[in-house]
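Dear colleague,

Please find the structure below, together with its sequence. A summary of the findings follows it.

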Amino acid sequence: MKKNRKHDNIQYFILIGLICFSSPAYADSVFPNTIYSEEQKPDFCKGAISVATVIEGNQKYAAGTEKETVYKLFSEKSEPMIMTTDESAYYAVVDEDGEYSYRIYSNILEMSNNTEGIFLQSCIDYDYISLDLPEQEVRKFLDEKRELKKKIRKNNAYLLEHLDESEYGKTFYDISEGKMHICLVDEKQREKLEKNGFICHTVSDSLKDKYEIMKKLWNQKEALGIFDIHIEETGITLYGTNTQEQFKEKMENLEVDIPYQYVRSVWQPFGFHSYDEESLAKEDKIKLSEYLEMDLEEIEDFVRCFHFIGWKFVESIKEEEWQKLKESILIFQQKYPEYSCRNIYYHVAGNYDADVYMNFDNELLEFVNTLPCYEADKNVVVEYEYGDPQRLELKRMLKQYKEKFPELSYNEIYQTYIGEMEENKAISKEEKLYWYLWKKYSGEIEAIDIKSMEIESSVDKTIDRQPLYLIIAGFGILSVSCGIMIVLNEKIKRKESPNIKN
């Protein structure tokens with residue numbers, strides 16, 4: 001069997017269940033958006049593991065350890081990631097930067113159905129490698145994908161610095177070419193962009209135009225029956241529950257002067273589920289009719305909507321677990337009514353702990369008020385789903401570090417552990433949220449020698465800050481390769497954040 005297969009143009013979607021549609025040959029990279037495509041968003045999974053754990057599993061698997069034993073290792077070292085269940089298809093993998101970047105599968109759909117093993121797949125380009133290969137090959141794969149991620153990040157940062165949203169309509173990274181494409185409205189920067197390696201196209205509608213149309217349509221989302229809007233190269237795509245005829249009728253009185261298309265579908269944690277009602281089984285048609293009556297702004301209906309998915313591993317989650325989710329959303333929304341159910345879901349679904357977002361001390365609140373103002377995403381759908389207007393993840397993380405290192409000031413904690421990610425505008429809000437959640441669930445805390453650092457109040461924030469870490473013998477600290485983090489080998493408060501069990 002050929003074990004290390006490279007993908008150039010992949011036309012499949014790795015998922016167990018009812019959804020079936022093709023994924024494009026590029027990493028969807030509308031700026032600002034995630035570097036991976038919609039299909040690779042974390043949803044119901046077996047939990048999240050670190051790259052260090054993947055390498056440990058690779059060492060065992062390549063040495064002949066049985067697959068089941070390696071998966072047991074992954075299970076023991078996994079942390080919650082959004083909605084965690086033992087019956088899912090994959091483990092989410094968080095890289096050395098603390099960012100969700102890979103998945104672990106037991107098989108790949110491109111291969112024959114009877115081909116099983118342990119495969120590490122990149123969320124950016126769908127490339128994968130078998131973990132029974134030598135460690136140096138797996139590390140080479142990881143290095144290549146990290147460089148690819150850095151390249152896309154660099155391109156996004158360049159666009160943010162040099163282009164206005166009125167000058168282009170979309171960007172995307174073409175996997176087969178290894179090039180970033182940009183759809184320009186204003187041609188004046190074409191030559192400079194091409195010199196910097198971009199492939200330029202011409203479109204009529206800018207990102208700014210699309211944002212304005214999105215806002216207009218989103219304000220009518222209940223009337224139109226839509227729950228999502230995506231930016232495409234030539235326009236926008238709307239996703240909603242009405243039939244094509246119903247949607248067309250509702251749109252007659254709205255003037256939309258850019259191209260758009262409508263897809264009938266239902267909302268799911270990783271985006272949408274498109275369907276053909278005529279092809280649904282009887283029991284699924286019953287579920288669909290129930291779903292169409294739901295109000296996803298209501299907590300009870302929002303949680304019930306997951307049951308429409310109909311996958312075995314979702315239906316196997318006990319009702320008491322759904323009840324915990326409802327209760328945590330209720331606690332959260334009572335305190336912060338401006339957050340939608342969909343938004344709250346991403347904060348609390350991992351371990352149902354809404355209390356960590358409550359009761360911040362005055363010193364913490366005053367410090368956060370001194371930081372640069374929160375910037376709402378101009379993409380109103382992204383803001384609705386991943387925005388954090390009260391900066392709750394930042395506050396929660398400051399509180400978490402303060403409990404571990406009470407001798408540090410909030411400013412020292414922020415400058416050392418949080419500020420670089422929090423202030424990075426080239427990374428999407430969705431990716432930032434996953435980074436915060438990994439920190440929350442894993443309890444991985446860097447060790448710092450505060451005495452060796454001189455933190456000035458007048459630090460130039462344009463300087464690339466590199467935290468100083470102290471490797472303390474006797475505390476079981478694991479030095480992660482590529483050196484972004486030094487993390488505790490022993491998980492902190494593991495029992496306080498259990499995975500969802502069947």
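Over residues 445–502 the pLDDT stays under 50, and for this stretch the model, which is predicted, has 119 contacts beyond four places in sequence. Residues 1–26 likewise have a pLDDT that stays under 50, with 78 contacts beyond four places in sequence. The protein averages a pLDDT of 80, and 79% of the residues score at least 70.

Next, the sheet. Five strands form an open sheet with mixed pairing, in the order β3-β5-β6-β7-β8. The edges are held by β3 (48–50) and β8 (128–130); each has a single partner strand, so one side of each is left without a neighbour in the sheet. On average, neighbouring strands of this sheet are turned by 30° against each other, direction ignored. Strand β5 (residues 90–94) and strand β6 (residues 100–105) run antiparallel and are joined by five bridges. A92 stands opposite R103 in β6.

Finally, a pair of helices. How do the axes of helix α16 (residues 410–422) and helix α17 (residues 429–442) cross, and at what angle? They come within 11 Å and cross at roughly 160°. An angle over 145 degrees counts as roughly antiparallel, and α16 and α17 are therefore roughly antiparallel to each other. On the α16 side, the contact is made by Y417, I418, M421 and E422, and on the α17 side by K432, W435 and Y436. The residues of this contact between α16 and α17 comprise five nonpolar, two charged and no polar ones.

Terms used:
Residues are numbered from 1 along each chain as its sequence is written. This is a predicted model: local features need pLDDT of at least 70, side-chain atom pairs count only at pLDDT 80 or more; totals for chains, interfaces and linings use all residues. Side-chain values use heavy atoms; hydrogens and water are left out. Axes are lines fitted to C-alpha atoms, for helices over the stretch in contact, and angles run from 0 to 180 degrees between N-to-C directions. Helices (H or I, at least four residues) and strands (E, at least two) are DSSP runs, numbered from the N terminus. Angles under 35 degrees count as roughly parallel, over 145 as roughly antiparallel, 65 to 115 as roughly perpendicular and the rest as oblique. Contact means heavy atoms within 4.5 Å. Ala, Val, Leu, Ile, Met, Phe, Trp, Tyr, Cys and Pro count as nonpolar, Asp, Glu, Lys and Arg as charged, and the others, Gly among them, as polar. Two strands pair if DSSP finds at least two bridges between them. pLDDT is the predictor's confidence in each residue, from 0 to 100.
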